[in-house]
Amino acid sequence: MSTVPQAIRLGDLCAIQLGYTPRGALSPAETGGAPAIQLRDLAGDGPIRPTRYELGEVSPRYLTEPGDVLFRSRGDRNTAVATDGRLVEPAFAILPIVVLRPKRDLVEPRYLAWAINQMPAQLYFDGVARGTRLRMVPRSEFEKLMIDVPDLKTQRAVVELDALAAREEALATLAAQKRRQLISLVLTERVQASGQGRRGKTT
């Protein structure tokens, strides 16, 4: 039987590590280099594939691994991504990515990412974000976010149901696209057949 969810401060649910700030512009390494993750690497739902850069000496605390949650602290959408099953190899997180290391006895990484991406958290970020041209959620405000935390079994069930819903939506979208293509094909054939019929009457 599931327990009543507790509202727990994000800063009490996980360790928070700001991403590494490079000294200059990053350029891909021709050979060697260190794997690093930037915001653009978090786009889409596929594997997270780091790019190798010449970073020099970087503290291991910036290294993200499966089980971490990566938060986009800057930009129009301040959302999170769980690295479980997606991160191809351990890599250094580059600011404005923030690395969250969940306390696994309290919260599952995928549930934490899911909760951050939901409307209550997003509305909170809308209220505390700073900047006009490029908004940013400061760490001091980010760690105050309250997360509803049920028991671990319920967390896993929520994540699984959400994944099924996303899969259903993707299949429905694909089916709609296929129907549209089929209808377009049928209409095109009818138009072509109609044109051939008119040409036959005029000869």
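Buried means under 20% relative accessible area, exposed over 50%, and partly exposed in between, with a 1.4 Å probe and protein chains only. The model is predicted: local features need pLDDT of at least 70, side-chain atom pairs count only at pLDDT 80 or more, and totals for chains, interfaces and linings use all residues. Residues are numbered from 1 along each chain as its sequence is written, and side-chain values use heavy atoms, without hydrogens and water.

**Stop 1: aromatic pairs**

Rings of Phe, Tyr and Trp (its six-membered ring) pair if their centres lie within 6.5 Å; planes under 30 degrees apart count as stacked, over 60 as edge-to-face and the rest as tilted. The whole structure holds six aromatic pairs. Select Tyr111 and Trp114. Their ring centres are 5.5 Å apart with planes at 35 degrees, so this pair is tilted. Both sit in helix α2, three residues apart, about one helical turn. Helices are DSSP runs (H or I, at least four residues), as are strands (E, at least two), numbered from the N terminus. Tyr111 is buried at 5% relative accessible area; Trp114 is partly exposed at 25%.

**Stop 2: Phe125 and Phe142**

Now select Phe125 and Phe142. The ring centres lie 6.0 Å apart and the planes at 35 degrees, so this pair is tilted. Phe125 belongs to helix α3 and Phe142 to helix α4 (residues 139-142), so the pair ties together parts 17 residues apart in sequence. Phe125 is buried, at 0%. Phe142 is buried too, at 2%.

**Stop 3: the cluster**

With Phe125 and Phe142 they form one aromatic cluster.
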